[in-house]
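Student: Could you go through this model with me? I would like to take it one part at a time.
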Amino acid sequence: MKLFDVYPINPINIVRGQGSLVYDDKGQEYLDLYGGHAVISIGHTNPHYVKRLEDQLHQIGFYSNSVEIPLQKQLAEKLGHVSGKDDYQLFLCNSGAEANENALKLASFYNGKKKVIAFKGSFHGRTSLAVAVTDNPKIVAPVNETDNVIFLPWCEETALEQAFAKNEISSVIIEGIQGVGGIHVASESFLQKIRSLCDAHNAVFIADSVQCGYGRTGKFFSHDFSDVNADIYTMAKGMGNGFPVGGIIISPKIQPSYGMLGTTFGGNHLACAAGLAVLEVMERDNLMQNAANVGAYLISELKKFKQVKEVRGRGLMIGIELPAELAHVRKELLFTHHIFTGEAKPNVIRLLPALNLTKAYADRFLETFSTILSQQAVPQI
């Protein structure tokens with residue numbers, strides 16, 4: 001048997017990691033500014049994280065949600081405290097796509113409506129309903145297509161108001177900062193408009209925080225910059241620092257009933273141990289403030305490069321838009337200078353490092369980036 005070939009693979013075998021550094025099977029060191037799609041939130045092989053998981057493995061690794069799992073309640077309490085959403089309710093699952101799937105389903109249960117508003121450039125996952133609200137026809141199979149999703153232009157308030165006119169909207173799902181879409185930040189006024197329209201029409205505001213949440217922007221949820229609360233926040237990626245865990249937190253106005261949602265693996269003992277370790281390290285080491293500080297420094301310095309078309313983002317979720325003639329820079333960073341970054345089409349470099357990234361590593365990237373750009377031919381005037 002061979003692997004189903006759906007991933008473009010870099011010919012690099014990473015075998016070890018420590019903090020913001022990873023190493024391949026030949027001993028080559030790489031600076032990791034991507035964290036495996038924003039997953040590594042507290043650094044590779046963080047000692048507290050490793051011990052938490054190891055200790056749990058020596059007790060019990062898994063049992064189903066048919067029994068009490070005190071770690072789930074501990075995780076809910078810690079998450080409420082660190083996020084500032086103490087009065088919300090937690091449902092645990094395994095991934096960001098599942099989180100968004102459950103959020104959309106729960107919203108429809110709540111108000112009995114079917115229509116969902118999503119936005120151009122959005123990415124919400126690859127499962128049935130999550131991919132239906134994702135703006136990429138190439139990954140939407142015919143069986144996923146539905147007339148229940150309305151795609152609107154990004155951050156256009158008039159279009160949003162018009163979509164609510166028939167009073168048939170179940171939910172609005174929006175990333176506080178679009179990730180795959182190219183690091184586009186939702187304006188505070190637009191998020192406030194979503195909140196007011198959802199209140200007026202009994203619709204559910206779903207804040208997709210899978211990539212832009214969990215402290216990455218300097219606040220726990222990037223939507224928090226708008227000073228409004230969503231009804232449901234979806235989470236995954238940085239939630240487990242590499243262990244598969246996802247979740248949604250749900251406002252008190254939405255009441256649960258037995259069988260409404262369910263999962264086999266969600267909220268298992270190891271997942272909860274991983275989730276608790278992440279929050280404990282974030283709180284102990286003040287990582288949200290570090291993300292804000294180092295991110296602001298990176299953004300400020302990157303804006304000084306004349307060749308860069310635009311720098312977007314908040315905290316340690318940064319997009320560097322380059323002109324077409326510099327499309328090769330990301331590969332040069334990786335294969336020549338051994339720095340992992342991400343991309344968004346067509347020419348955006350995405351930085352999604354661990355939240356404890358140091359200024360020294362930020363400078364290492366900036367110096368390398370400067371070196372690459374300085375080697376480009378200067379156009380004749």
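Student: Which residues of helix α2 are buried?
Tutor: This is a predicted model, and in it the buried residues of helix α2, which spans residues 47-57, are Tyr 49, Leu 53 and Gln 56. Viewed down the axis of α2, these buried residues fall within an arc of 65 degrees, so they line one face of the helix.

Student: Why would positions spaced like that end up pointing the same way?
Tutor: An α-helix has 3.6 residues a turn, so residues three or four places apart point the same way.

Student: And what covers the buried residues of α2?
Tutor: The cover includes two other helices, α3 (70-83) and α8 (269-284).

Student: What happens at the start of α2?
Tutor: There, Asn 46 has a side-chain oxygen that reaches to within 3.0 Å of the backbone nitrogen of His 48.

Student: You mentioned α3, so let me pick Glu 77: is it buried or exposed?
Tutor: Glu 77, which lies in helix α3, has a relative accessible area of 59% and is therefore exposed, the cut-off for that class being over 50%. Its C-alpha atom is separated by 33 Å from that of Leu 298, a residue 221 residues apart from Glu 77 along the chain.

Student: Changing topic, how many cavities of 30 Å³ or more does the structure hold?
Tutor: It holds one cavity of that kind, and the volume of the largest cavity is about 40 Å³.

Student: What lines the largest cavity?
Tutor: The lining is made up of Ala 38, Ser 41, Val 210, Gln 211, Gly 213, Tyr 214, Arg 216, Gly 238 and Leu 355. Sorted by class, that lining has four nonpolar residues, four polar residues and one charged residue.

Student: What about the second largest pocket, how many residues line that?
Tutor: The second largest pocket, with about 600 Å³ of space, is lined by 21 residues, and those that lie nearest its centre are Leu 90, Phe 91, Leu 92, Pro 256 and Leu 261. By class, its lining has eleven nonpolar and ten polar residues, with no charged residues.

Student: Which element gives the largest share of that pocket's lining?
Tutor: The largest share comes from strand β4, with four residues. Both α3 and β4 (89-93) supply at least two residues each to the lining of the second largest pocket.

Student: Now Arg 312, is that one buried or exposed?
Tutor: Arg 312, which lies in strand β13 (residues 310-314), counts as buried because its relative accessibility is 10%, and buried means under 20%.

Student: Last one, Val 149: where does it lie, and what is it in contact with?
Tutor: Val 149 lies in strand β6, residues 149-152, and is buried, with a relative accessible area of 14%. Apart from neighbours within four places in sequence, Val 149 is in contact with Val 116, Ala 118, Ala 132 and Val 133.

Student: And how does Val 149 sit relative to Lys 359?
Tutor: The C-alpha atoms of Val 149 and Lys 359 are separated by 43 Å, and these two residues are 210 residues apart along the chain.

Note on methods. Residues numbered from 1 in each chain as written. Predicted model: local features only at pLDDT ≥ 70, side-chain atom pairs only at ≥ 80, totals over all residues. Heavy atoms only, no water. Buried < 20%, exposed > 50% of the residue type's maximum accessible area, 1.4 Å probe, protein only. Arc of directions from axis to C-beta. Contact = heavy atoms within 4.5 Å. Polar contact = N/O pair within 3.5 Å; in protein donor to acceptor, adjacent residues only side chain to side chain. 1 Å grid on protein atoms, 1.4 Å probe; cavity = no way out; pocket = protein on both sides within 12 Å on 5 of 7 lines; lining within 4 Å. Points joined across faces, edges and corners; volume = space filled by probe spheres on them. Nonpolar A, V, L, I, M, F, W, Y, C, P; charged D, E, K, R; others polar.
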